[in-house]
Amino acid sequence: MSSHKTRQFRPRPTDSSGRTIIYTDPNSFHPLIENMARFIITTQPGIQIDATPEQNPDGWTECMVTPSIKREIMATPNFPQPLQRPSKTKYEIRSVEGRGLAMFATDHIDVGELILCERPLLMAQAMARGQDVPVAVTDELDPEAENDPELVRQIIFQEKERQLETLVGNMHPKFREQFMALANSHEHDGSGPLFGRLRTNGFGAPGFFDLEGEDHPYSMVGNNISRINHSCCANTKFTFYRPSFGMELRATRLIPQGAEITIPYCDILKPYLDRQKALKLYGFSCDCPACSDLFSSDQIRAVSVNSIGLENDRATVEEVLGWMKRFEDFGLERSRQYIECLRFLRDKYKDQGNLAEVKIYRNKLYKIVLATIGKERVMAVMASL
Ligand SMILES: C[S@@+](CC[C@H](N)C(=O)[O-])C[C@H]1O[C@@H](n2cnc3c(N)ncnc32)[C@H](O)[C@@H]1O
């Protein structure tokens, strides 16, 4: 059924600087999305309009966003920069029994280390958490149908599929092939093959708001990063670096050679039942250490989002090290309280004049903040700690 297979890749114009190739063709959209801006983002200097992916190793992103989001992207300071990749690739993608393809460390990976950086294949609006039906869709609906949530859901799925047919139809065949090779855990719920893949593999694009301050739930899909499986004790975190339009992945704990590299598909600070509910969308049930020992895990998760009472400075180093161990056992290095433990130890040693320990904990703090917040905001956050 998919028309995307028969569409031809069209050459795009370069802008005056010759660096960013931008293509906007709002007229080719279905009326419901006529206000969306479609364009591509790439950063290879001097690239020609008919460049191949081989000539443009950073790749490019097919975007379909509102014009205000497009303006926001273009106004990003220092945009666009080339991707800054890790100096050495330390992962491989291979299949694993019962979990399809997965990513594994081929070398020891340090906390905070950049594991991969890639330009998204595409960026588009996904199904929002608790999203209302788009106004244009409700206008077209018969009032009876509007009260039928399943029918409304199916109509939204069809609209999303049509939007994506336009977008995916314009991808370079190599990138389209990469997108179509990704897993689809939504084959039986009415999502089309493109929207199903976006839902299965999309990473929330952080911090994109329209002019009225309304959150736009955009998703980005990457060729390699979208092969990473979930764990509630995940050892990495995804961040997005706007100046290079790069999806970045860093380690939140030491990853030994041979270990699987994992990310969270849901809020891993939430209790077991909430996580299971969120993971249903992906068609598997998690068997990570936190899901296997859910009683202890839920207890420590509840603590990790509240407070362990470090504010009054009365805790001892031993107590704090004990808390850190419990957080580490359940993969909670990214939690606010774990970061507070590191800050506490740095300051405690500073008060004692133990400069060697101060250096160790300052370093650890920097690495975990870098991994969890990303390089765009790491310095600002460190200054506030
Ligand atoms: C984004 S893809 C990850 C890569 C995927 N394994 C592949 O083969 O391309 C998401 C899908 O991977 C599978 N998956 C992810 N994490 C899993 C886990 N912890 N256990 C079992 N399956 C998992 C599920 O089928 C899920 O819908």
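Reply: Two strands pair if DSSP finds at least two bridges between them. Strands (E, at least two residues) and helices (H or I, at least four) are DSSP runs, numbered from the N terminus. The model is predicted: local features need pLDDT of at least 70, side-chain atom pairs count only at pLDDT 80 or more, and totals for chains, interfaces and linings use all residues. Residue numbers start from 1 along each chain as its sequence is written.

The sheet is open and has 4 strands. Their order is S3-S4-S12-S9, and the pairing is mixed. S3 and S9 stand at the edges. Each has a single partner strand, so one side of S3 and one side of S9 are left without a neighbour in the sheet.

Take the S3 end. S3 covers residues 91-96 and pairs with S4 in the antiparallel sense. Their pairing runs over 6 bridges. In this pair, Glu 92 faces Phe 104 of S4 from the opposite position. S3 and S4 form a hairpin with 3 residues between the strands. There Gly 98 takes a positive phi near 80 degrees.

Now the S9 end. Here the sense is parallel: S9 and S12 (residues 260-263) pair over 2 bridges. His 230 has Ile 263 of S12 as its bridge partner. In a regular strand, side chains alternate between the two faces of the sheet.

The classes are nonpolar (Ala, Val, Leu, Ile, Met, Phe, Trp, Tyr, Cys, Pro), charged (Asp, Glu, Lys, Arg) and polar (the others, Gly among them).

H6 leads on to another helix. H4 (residues 149-169) and H6 have axes that come within 7 Å and cross at roughly 90 degrees. Axes are lines fitted to C-alpha atoms, for helices over the stretch in contact; angles run from 0 to 180 degrees between N-to-C directions. H4 and H6 are therefore roughly perpendicular. Contact means C-beta atoms, placed from the backbone, within 7 Å. H4 brings Phe 157, Lys 160, Glu 161, Leu 164, Glu 165 and Val 168 to this contact. H6 brings Leu 194, Phe 195 and Leu 198. The H4 and H6 contact holds 6 nonpolar and 3 charged residues, with no polar ones.

Other strands pair elsewhere. An open sheet of 3 strands has the order S5-S11-S10 with antiparallel pairing. S5 (114-118) and S10 (236-241) are at its edges with a single partner strand each, so one side of each lacks a neighbour in the sheet. From one strand to the next, the twist averages 20 degrees. S5 meets S11 (residues 246-251) over 4 bridges in the antiparallel sense. Leu 114 lies opposite Arg 250 in S11.

S8 (residues 218-221) has S6 (residues 122-125) as an antiparallel partner over 4 bridges. In S8, Val 221 is the bridge partner of Leu 122. S8 also runs antiparallel to S7 (residues 203-204), joined by 2 bridges. There Phe 203 stands opposite Met 220 of S8.

H10 (residues 317-329) and H11 (residues 336-352) have axes within 10 Å, crossing at roughly 155 degrees. That makes H10 roughly antiparallel to H11. H10 makes the contact with Val 317, Val 320, Trp 323, Met 324 and Phe 327. H11 answers with Gln 337, Tyr 338, Cys 341, Phe 344, Leu 345 and Lys 348. That contact has 9 nonpolar, 1 polar and 1 charged residues.

H11 also packs on H12 (residues 355-373), with axes within 8 Å and a crossing of roughly 160 degrees. H11 and H12 are therefore roughly antiparallel. Residues in the contact include Leu 342 and Tyr 349 of H11 and Tyr 361 and Ile 368 of H12. By class there are 9 nonpolar, no polar and 6 charged residues between H11 and H12.

Technical notes: Angles under 35 degrees count as roughly parallel, over 145 as roughly antiparallel, 65 to 115 as roughly perpendicular and the rest as oblique. Two residues are in contact if their C-beta atoms, placed from the backbone, lie within 7 Å.
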